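Please look first at the sequence and the model shown here. The paragraphs that follow go through selected parts of the structure in turn.

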2 protein chains.
Amino acid sequence: MTQALRIGVAGLGTVGAGTLALLQAHGELIAERCGRPVLVSAVSARDRRKDRGLDLSAVRWFEDALALAADPEVDVVLELIGGSDGVAKELVETALAGGKHVITANKALIAHHGTALARQAEAAGVALACEAAVAGGIPVIKALREGLAANAISRIYGILNGTCNYVLSTMRDSGREFGEVLAEAQKLGYAEADPGFDVDGVDAAHKLAILTALAFGCEVNFEGVHVEGIREVSALDIAYAEELGYRIKLLGLARLIDGGVEQRVHPCMVRRDVPIANVEGVFNAVVAEGDFVDSILLEGRGAGAGPTASAVVADLIDIARGIRLPTFALPAARLKALPSLQMERHTGCYYVRLMVLDKPGVIADVAATLRDEEISMEAMIQRGRAPGEAVPVVLTTHETEEARMARALARIVALEAVLEPPRMIRIEAL
Amino acid sequence: MTQALRIGVAGLGTVGAGTLALLQAHGELIAERCGRPVLVSAVSARDRRKDRGLDLSAVRWFEDALALAADPEVDVVLELIGGSDGVAKELVETALAGGKHVITANKALIAHHGTALARQAEAAGVALACEAAVAGGIPVIKALREGLAANAISRIYGILNGTCNYVLSTMRDSGREFGEVLAEAQKLGYAEADPGFDVDGVDAAHKLAILTALAFGCEVNFEGVHVEGIREVSALDIAYAEELGYRIKLLGLARLIDGGVEQRVHPCMVRRDVPIANVEGVFNAVVAEGDFVDSILLEGRGAGAGPTASAVVADLIDIARGIRLPTFALPAARLKALPSLQMERHTGCYYVRLMVLDKPGVIADVAATLRDEEISMEAMIQRGRAPGEAVPVVLTTHETEEARMARALARIVALEAVLEPPRMIRIEAL
């Protein structure tokens, strides 16, 4: 097996250029580790004249990415274009149909079409690998597919979006509000000009859907993820979280429950002394809980040219070394179609902050509403007095059902003394 | 490839019994993930009558482990006996000579004989896998060999011994001294009756030697590891570390430097806000620094029946899936024989605690000694006054060479007002 492995790279944005830079820097090291050289045979991108800091003079250039995917001198196609549909999807389908291995960093594509594409890859007898789609340089897909393969996984959760984690960490450190910190993150390049995919939780949900399929041997089900972002998290709630011994993190969590799977992405309060609470800034982290291994945490950079290229090329080295494993660890035909747990059936503890008129009887009304839904309060804080004015009231509950909490909040917001919609953040026992 | 993979398990202590329990619990899941069943064909242990909570009635029993290794109905031998030489080594050599794959959890064996055994395995065309030898259930060997294979690794370090980390964490939390906490750890089963391998750093050094070979593509060189344990760490030094913003951890660290490799295991002061400082109790953690991936941390349980069995069976699943990679990522013939950096040439920052007679001029004498060795002080603390009595003086230095520090300490201990040998702990910039 000393023949060169010939790759075609479609997409020369941050990740594509980073991958080519890595391959140029470490050609010898990679050949040594694979027992064969890896050769960039062709590339494709929209603008040929753009300066990417790379010497591409010896590499064939395809205007048309689909032609690259069909090229007979390409053994492995690297899809680094992005987007859940369109060219990226066509490219992957074309490559697989032509019997070529595919490596992709495209979380949206795999979250939406992962099961079907895995099935196509298996039918063609080739690999479809996507380590770079989840948590950048952290080898979490390999850990789930291989390193922890002896375990039944009961739960997986993580900080899957570095932008959100940076914003939340900075809000806490600085006491500033979401909008201001986001604007700064955009200036620093930690957030996109259009930050919706990140701050609304969609990017984390894509990644969670992929991890869920790997952890539980089920079909990828992005539609089954309950998604909330961090726009509603306020500096006040972060300060209360600190006071209560918690940190606020945007987590993606998935677990097996009642014969189905629960997948959710939303801001969580986690105890300050659990390992994931101390993962700060742009870092990502994933925790997997297995029945024999107990709990494993993996932490590192979840984005950026270098870390993502590291994951792309790790997949490439696997292929060059002859490793062929199903995309989601099990053959696609054996992936189960697990039902999704509806969020209203979720049970957990809750943090609620109300802005109320400071007058006698308000707390009693709130307490009565919770009692009517059989929700048990764990703690209540009403700091400061300002008779006749708005003051925050914070309470935490023992475990209850989401549907009960939703009904209680609907009744609480209707109370005359409650001046704003309540802010609710779920408390996670990790 | 639907034929059963037949294994022989040699050694039914904690790890062996745990491995059989895992295989019994997850036979179906493993068969699904491997595409073929894994069958326990034979076992070997000293005492057949001992109750291990396992039904072994259907399994062939070998009094002689070497006969098991030579048995024609065994495809993979699991060496779970332990010890760097003797039966364990003979067993592995016999199995490899017979063309059988070998999986071992034996860090001492691999640290002492890893290169030669890897060479023998390659010559026989079989796998020699040892994920369980380092950091229990954490898939760190797989991460280095595959997940981070696209990177040049510049440094690797970790908490590689759970007993030491438990003792140091508990000393800090309770303010108690080493001996007392160790005795309690022994009662709780976190430390062996003979704790030397753990608390003197030998166990961590075995693991570090294995990680070093994987990270840097060099031969395993246990003799090249500088080893110090934690017996000399006192409650007073832990308190000072806290005051200075540090935690004391027993780390194993390896890096490439000056064309050689530096490997060392000793107590370190690390800044309290670096991720590894927050790895507490019996947990292990490893950090790998690669040129593209930046820094990756893996954390989990480093010992115990379940986590170790998880790693043993992960290796088994790899083999059942047809994955064949060299033990240390590169073919044994390509592993470099790198020179070891002598500890006296190490450079870093230092913490030193002296017990001195509280009288004028002592600090001046100490400072002059450091100046003579061109060692620059960073901070000095002399808390409290007790004229004519013993008081602690703590100082930290800027970066200097170990040889200079050793000479300075030799002169300081000779000062009349210095009442005890100085305590020195290296400060690590992580």
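The axes are lines fitted to C-alpha atoms, for helices over the stretch in contact, and the angles run from 0 to 180 degrees between N-to-C directions. Helices (H or I, at least four residues) and strands (E, at least two) are DSSP runs numbered from the N terminus. The model is predicted, so local features need pLDDT of at least 70 and side-chain atom pairs count only at pLDDT 80 or more, while totals for chains, interfaces and linings use all residues. Residues are numbered from 1 along each chain as its sequence is written, and chains are lettered from A and ligands numbered from 1 in the order in which they are written.

Helix H5 (residues 107–124) of chain B packs against helix H10 (residues 202–216) of chain B at an angle of about 50°, with the axes 9 Å apart. H5(B) and H10(B) are therefore oblique to each other. Their crossing is left-handed, a term used when the near helix is turned anticlockwise from the far one by less than a right angle, right-handed being the clockwise case. Residues are in contact if their C-beta atoms, placed from the backbone, lie within 7 Å. Among the residues that meet are B:Ala111 and B:Gly114 in H5(B) and B:His206 and B:Ile210 in H10(B). The contact of H5(B) with H10(B) comprises six nonpolar, two polar and three charged residues. In this classification Ala, Val, Leu, Ile, Met, Phe, Trp, Tyr, Cys and Pro count as nonpolar, Asp, Glu, Lys and Arg as charged, and the others, Gly among them, as polar.

H5(B) also packs against helix H4 (residues 87–97) of chain B, where the axes come within 9 Å and cross at roughly 10°. That angle makes H4(B) roughly parallel to H5(B). The crossing of H4(B) and H5(B) is right-handed. Its contact residues include B:Val92 and B:Leu96 of H4(B) and B:His113 and B:Leu117 of H5(B). By class, this contact has eight nonpolar, two polar and two charged residues.

The next topic is a sheet in chain A. Six strands form an open sheet in the order S3-S2-S1-S4-S5-S6 (chain A), with parallel pairing. Strand S3 (60–62) and strand S6 (128–129) of chain A stand at the edges, each with a single partner strand, so one side of each has no neighbour in the sheet. Two strands pair if DSSP finds at least two bridges between them. Strand S1 (residues 5–10) and strand S2 (residues 38–44) of chain A run parallel and are joined by six bridges. Within this pair, A:Ile7 has A:Val40 in S2(A) as its bridge partner.

Finally, the two chains meet. The contact takes 45 residues from chain B and 45 residues from chain A. On the side of chain B that touches chain A, the residues divide into 25 nonpolar, 10 polar and 10 charged. Strand S12 (residues 294–301) of chain A runs antiparallel to S12(B), and three bridges join them. A:Leu297 stands opposite B:Glu299 in S12(B).

Terms used. Angles under 35 degrees count as roughly parallel, over 145 as roughly antiparallel, 65 to 115 as roughly perpendicular and the rest as oblique. Two residues are in contact if their C-beta atoms, placed from the backbone, lie within 7 Å.
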